[in-house]
Amino acid sequence: MVKVIASSVRKGNVLDVDGKLYVVLTAQNFHPGKGTPVTQVDMRRISDGVKVSERYRTTEQVERAFVEDREHTFLYEDAEGFHFMNPETYDQLVMSAEDIGDLKAYLQEGMAVMLSIHEGIAIAIDLPRHVILEITETEPVVKGQTASSSYKPAVLSNGVRTLVPPHIQAGTRVVIATEDGSYVERAKD
C-alpha cells in the first residue's frame, strides 16, 4: 500500500479503505471560496459492487493499493464470465459481467485490453479507445437533410444504438468511441 494525498486520486485508481478495496469511478476537487478544499470520490467496492461516495480534505492521506496493469487478449464469454489470456505467459483470468459493465458490448474476440490485477484477481478493464463495428440498421436519408450537424439513429452490430451522419447506410463499417458509444468516422478498410 502507498499513502497518497486525496487530491491526487484519479479515475481507475484502487484505494484500500478500512481493509476493503475500492475502484475509483470519479474524483473531483472542490475549492470553495471559504472553508477547506475537499476531494469528492465516488467508488465501487470490488468484493460486492456496492457504490460508495466519500469526501476527503485535499491534503488528507488515503491508501492506494498496488495494482498491476497488464495487457491481455479477450478470448470468449461463457456462464463463468469473460475469459482473458496473458499473451506472454498464457495464464487465463476470468472477470464477471458486473465487473465489466456496459463495456461488454464492445469486447471482440482477440481484442487486446488492459486488465488491472490485484493479488492475481482482475479488478478493472480498460478497452482500446476505438472499435470498428458495422451498422446493421439505420433510417433512410430524408431529402434535403444535408446539414452537417444533423445525425440519424443507427443500430450497431453489437446491438448498441448511436447517432451517425446522414450519408452512412446499413452495412457500412464505422469507428466507434468505446468511452461513450459515439460515432467517430467511417472505417478505412
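**Aromatic cluster and a buried histidine**

In this predicted model, ring pairs link F74, F82 and F84 into a cluster.

Student: How many aromatic pairs are there by this rule?

Tutor: The count comes to 2. One of them joins F74 and F82, with centres 6.0 Å apart and planes at 40 degrees.

Student: Why is the pair of F74 and F82 called tilted?

Tutor: Take distance, then angle. The centres of F74 and F82 lie 6.0 Å apart, and rings pair within 6.5 Å. Stacked needs under 30 and edge-to-face over 60, so the rest are tilted. Both F74 and F82 are buried.

Student: What makes F74 and F84 a tilted pair?

Tutor: The centres of F74 and F84 are 5.4 Å apart, and the angle between the planes is 50 degrees. F74 and F84 are both buried.

Student: Why does the pair of F74 and F84 tie together parts that are apart in sequence?

Tutor: F74 sits in strand 7 (residues 68-78) and F84 in strand 8 (residues 81-85), so the pair ties together parts 10 residues apart in sequence.

Student: What does the side chain of H118 reach?

Tutor: The backbone oxygen of F66, at 3.0 Å. H118 belongs to strand 10 (residues 112-118). Beyond neighbours within four places in sequence, H118 is in contact with L21, A65, F66, V67 and I123.

How values were computed. Residues are numbered from 1 along each chain as its sequence is written. This is a predicted model: local features need pLDDT of at least 70, side-chain atom pairs count only at pLDDT 80 or more; totals for chains, interfaces and linings use all residues. Side-chain values use heavy atoms; hydrogens and water are left out. Helices (H or I, at least four residues) and strands (E, at least two) are DSSP runs, numbered from the N terminus. A polar contact is a pair of N or O atoms within 3.5 Å; within protein, one must be able to donate a hydrogen and the other to accept it, and residues adjacent in sequence count only if both atoms are side-chain atoms. Contact means heavy atoms within 4.5 Å. Buried means under 20% relative accessible area, exposed over 50%, partly exposed in between (1.4 Å probe, protein chains only).
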